[in-house]
Protein chains: 2
Amino acid sequence: MRQAIALSRESLFLTTPNPRVACLIVREGKLLASGVTQRAGQAHAEVMALRDASQQGLDVAGATFYVTLEPCNHHGRTPPCVDALLSARPARVVVAMQDPNPLVAGKGLARLRAAGIQVETGVCAEEALAVNPGFIARMTRGTPWVWLKTAASLDGHTALHNGASKWITSSAARQDGQHWRARSCVVLTGIGTVLADDPQLNVRDIATPRQPVRAVIDSQLRISPTARMLDGEPVWVFTTRNDPDKAARLAERNAQVIVLPAHNHRVHLPALMQWLGQHDINEVHVEAGPILNGALLQAGCADALLVYLAPLLLGDARPMFDLPALKSLGDAHAFEFTDMARVGADLRVCAQNKENWQALLAAVQPRPSV
Amino acid sequence: MRQAIALSRESLFLTTPNPRVACLIVREGKLLASGVTQRAGQAHAEVMALRDASQQGLDVAGATFYVTLEPCNHHGRTPPCVDALLSARPARVVVAMQDPNPLVAGKGLARLRAAGIQVETGVCAEEALAVNPGFIARMTRGTPWVWLKTAASLDGHTALHNGASKWITSSAARQDGQHWRARSCVVLTGIGTVLADDPQLNVRDIATPRQPVRAVIDSQLRISPTARMLDGEPVWVFTTRNDPDKAARLAERNAQVIVLPAHNHRVHLPALMQWLGQHDINEVHVEAGPILNGALLQAGCADALLVYLAPLLLGDARPMFDLPALKSLGDAHAFEFTDMARVGADLRVCAQNKENWQALLAAVQPRPSV
């Protein structure tokens, strides 16, 4: 299964809004064939693996199939994978995660079992979930999995008080950050960052088969039609201000203005997350300043942190996250570290909200009733 | 040599003020005998290795000796190791670091060469230096190697504004910190920490053959004779205030008051470091608040950082280091990361001042004139 999960990571930049899934076909410990899910509308992992077997002229009846997600049992843009599996007549299907998609939700596994196939689920579920937190979050709670990315000095500062921030981290760290943009469905920033830095927010310097949607939270619709992030691919501008003239000018630049409910004169962040979930967004990669980062944390809309730390001390300077003073350590925003690595001269640290993660994990693991 | 360096780490808590040194005796790739430097005044690594060989009844003439530091050539509390080596008649001596001690400084190696022994130096010098930065710093520049230890949230805060800091990091991280206390010669804090937290600052929860000296910078001599850090072993109180009465009261509690020059009404930190160097202190482990930490950084008296990071965000709270705002990123205090590890739920990050490290490294590597 670990081999299947590693293979599924090859489609990390590709399959959205579908999950990244891999399928291995094994007989007596020998790998016969494999496949990974393709672009949306194209073949899923199980079908790709069966094609691989068929191209080799192999009969896979009686083999074991390892799949990182429960095979689908419904007609979406492609026919149900369970049908393909049933015709291949495996002896055993091992699944990492059950699909919490209400259209699937154990029904795929039930059909396999009904056909006399031995089924095991929950094998390496946590590792498989790490490849698909966004899809599982959207299926489970209707909103995407949200990463906050930030680059700071070791003492937790992202810029000097005069705004100087280029560059705190190394070019290696900035290039590494491109991989995390590429795996997301949306790269989201705040209007403060757009006005201050005029970023492009596209994926560059690395190969990717698709660009994520770029989006900005711009409560008062202040973005200039000449902003660099409006070059190229379509952009979403989330605002509270209904201004059809400005929206029309932005539409000429491929930007879609989306008016959302306000909360304290700003875009209501939970409403934004609902909207993103409804628009098939699995993972959101936030590259914003301390104010938006802090607001997302306070609204409970931050699932994970991606922090690059440079070996510098800046002293009195701007914070990573603009959050109010606490009265008790028990009120701190609590995460758990999931990964750490050296990237050039810097460190990359990943952390996630433990409760949010456990909720997803529970949703993909076998329930007693199944 | 890597095996010798690993062995030398076994005396990390033991040899001060002497360096931690190991010696391996090898013939045709086979380890015959080994030794590590003992407590000050007891045998050095080379003598311990020869004793080991002799206890096994082995003749080591013609063997290769791996030593992590150049053998001494002077009478200190023990006779010169070079004499012991010469009588053992090795064919070859491989040395990681030359000893920058002006009493040695290549003279040990020169005597070995003069006796027809093949000598190589500078083998794994950087790894060997990491075991002895304090000894090499004291020999090279007359002052100890200074670690600043701090425990903070991922966003760089060591306490809430109301002072709450117990506990940001896990008990595993706090226990790990005891190893770093144990390897130091002095555990140093500021009077602010003593007044606020009344810490003991001794090594506990782990086994150690000796306790470091505990010390406090107390410019106005405010420490109470009932402070917990005065329990037990002798303590150094560094001050600018000559107050024989108070000093006498503290002496009854085993505390020695040392009056040092003032700088802006505080203990002049470079003068403190000189004093520590003159008193055979190799490594200083600082556990202090942001003010003393910041002052040490600004005075150029911080060689390395030992930072425990907890997976928490505290927002608006106290900083790791109290440093003034900068005008340019180029003025940032620049370090290089040397190590990172998971410790319980937390991360441990080590960083060092690159220039200071390179100066020590240059001092232990072969010079063209040798």
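Helices (H or I, at least four residues) and strands (E, at least two) are DSSP runs, numbered from the N terminus. The model is predicted: local features need pLDDT of at least 70, side-chain atom pairs count only at pLDDT 80 or more, and totals for chains, interfaces and linings use all residues. Residues are numbered from 1 along each chain as its sequence is written, chains are lettered from A and ligands numbered from 1 in the order written, and side-chain values use heavy atoms, without hydrogens and water.

**Stop 1: cis peptides.** Select A:Trp167, in the loop between β7 (157-159) and α7 of chain A. A cis peptide bond joins A:Lys166 to A:Trp167, with omega about -10 degrees. Next, go to A:Pro17, in the loop between α1 (2-8) and β1 (22-27) of chain A. The bond from A:Thr16 to A:Pro17 is also cis, omega near 5 degrees.

**Stop 2: A:Gln178.** Select this residue in helix α7 (residues 171-183) of chain A. A:Gln178 is buried, at 6% relative accessible area (buried means under 20%, exposed over 50%, partly exposed in between; 1.4 Å probe, protein chains only). The A:Gln178 side chain reaches the backbone nitrogen of A:Arg204 at 2.7 Å.

**Stop 3: positive phi.** Most residues other than glycine have a negative phi. Select A:Asn264, in the loop between β12 (262-263) and β13 (266-267) of chain A. Its phi is positive, about 55 degrees. A:Asn264 is exposed, with a relative accessible area of 61%. Now switch to chain B. B:Asp205 lies in the loop between α8 (191-197) and β9 (213-217). Phi of B:Asp205 is near 70 degrees, and B:Asp205 is exposed at 62% relative accessibility.

Conventions
Polar contact = N/O pair within 3.5 Å; in protein donor to acceptor, adjacent residues only side chain to side chain.
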